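Subject: Structure handover

Hello,

I am passing on the structure we talked about. Please have a look at it first; my notes on what was found come after it.

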Amino acid sequence: MQIKSISFSMKIYSSIDELSIESQELILQAKNALGKSYSPYSHFKVGAAAQLNDGRIIIGSNQENAAYPATLCAEQVLLANYSCLEKKSAIKTIAVSYLSNNGENNHPVTPCGICRQMLSEYENLQQENIMLLLTGQSGAIWEITGVNPILPLAFNSNSL
Ligand code: THU
């Protein structure tokens with residue numbers, strides 16, 4: 001018997017000013033995407049923006065449905081947009097932000113389990129890490145080097 005530990009490190013910035021201009025811009029785009037959120041049921045808007053290696057930025061926002069489980073998360077809409085691009089370039093970074101009617105708005109948002117799995121598919125496919133910038137309205141920003149650290153032991157195409 002042996003014990004294996006899995007851990008990861010992330011960078012915690014206390015203010016957006018500590019980030020590169022490129023990262024600041026991407027977070028701004030994620031916040032702009034909140035304006036496209038359709039969230040009449042949860043009143044929890046989520047916006048996501050991806051920077052591609054060729055510099056393009058694409059966005060996504062959560063799209064809810066009266067049949068609640070039919071809801072699409074911001075990250076899922078973003079990835080669907082990405083997969084519709086004619087010319088692909090690897091995803092370098094994804095920023096996610098949120099705006100809630102329900103109180104707390106400053107604690108960084110973290111992708112749900114299904115989003116982690118979907119993000120992992122794309123990271124695995126492109127064989128390049130997707131850096132994550134997780135934010136709220138103000139307050140700390142969490143920077144994580146890839147999707148893999150937040151979905152250890154992921155099921156992917158190699159598992160089939
Ligand atoms: N949501 C996202 O868009 N991304 C996540 O990673 C977590 C949750 C959305 C789904 C739903 O519209 C609202 O947040 C509340 O769960």
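Predicted model: local features only at pLDDT ≥ 70, side-chain atom pairs only at ≥ 80, totals over all residues.

The largest pocket has a volume of about 220 Å³. It is lined by 14 residues, and Phe44, Val46, Cys73, Glu75 and Cys112 are the closest to its centre. Nine of the lining residues are nonpolar, three are polar and two are charged. β2 and α2 each contribute at least two residues to this lining.

Now the ligand itself. The residues around it are Ser42, Phe44, Val46, Asn62, Glu64, Thr71, Cys73, Ala74, Glu75, Thr110, Pro111 and Cys112. Six residues of this shell are nonpolar, four are polar and two are charged. Both β2 (44-52) and α2 (74-83) supply at least two residues of the shell.

- Glu64: 2.5 Å from a polar side-chain atom to an oxygen atom of the ligand
- Asn62: 2.9 Å from a side-chain N or O atom to an oxygen atom of the ligand
- Glu75: 2.8 Å from a side-chain N or O atom to a nitrogen atom of the ligand

On its own the ligand exposes 370 Å², and the protein buries 79% of that.

The second largest pocket holds about 160 Å³ of space. Its lining includes Ser120, Glu123, Asn124 and Gln127, and divides into two nonpolar, six polar and two charged residues.

Regards

Technical notes
Residues numbered from 1 in each chain as written. Heavy atoms only, no water. Near = heavy atom within 4 Å. Polar contact = N/O pair within 3.5 Å; in protein donor to acceptor, adjacent residues only side chain to side chain. Areas by Shrake-Rupley, 256 points an atom, 1.4 Å probe, with all protein chains shown as cover. Helix = DSSP H or I, 4+ residues; strand = E, 2+ residues; numbered from the N terminus. Nonpolar A, V, L, I, M, F, W, Y, C, P; charged D, E, K, R; others polar. 1 Å grid on protein atoms, 1.4 Å probe; cavity = no way out; pocket = protein on both sides within 12 Å on 5 of 7 lines; lining within 4 Å. Points joined across faces, edges and corners; volume = space filled by probe spheres on them.
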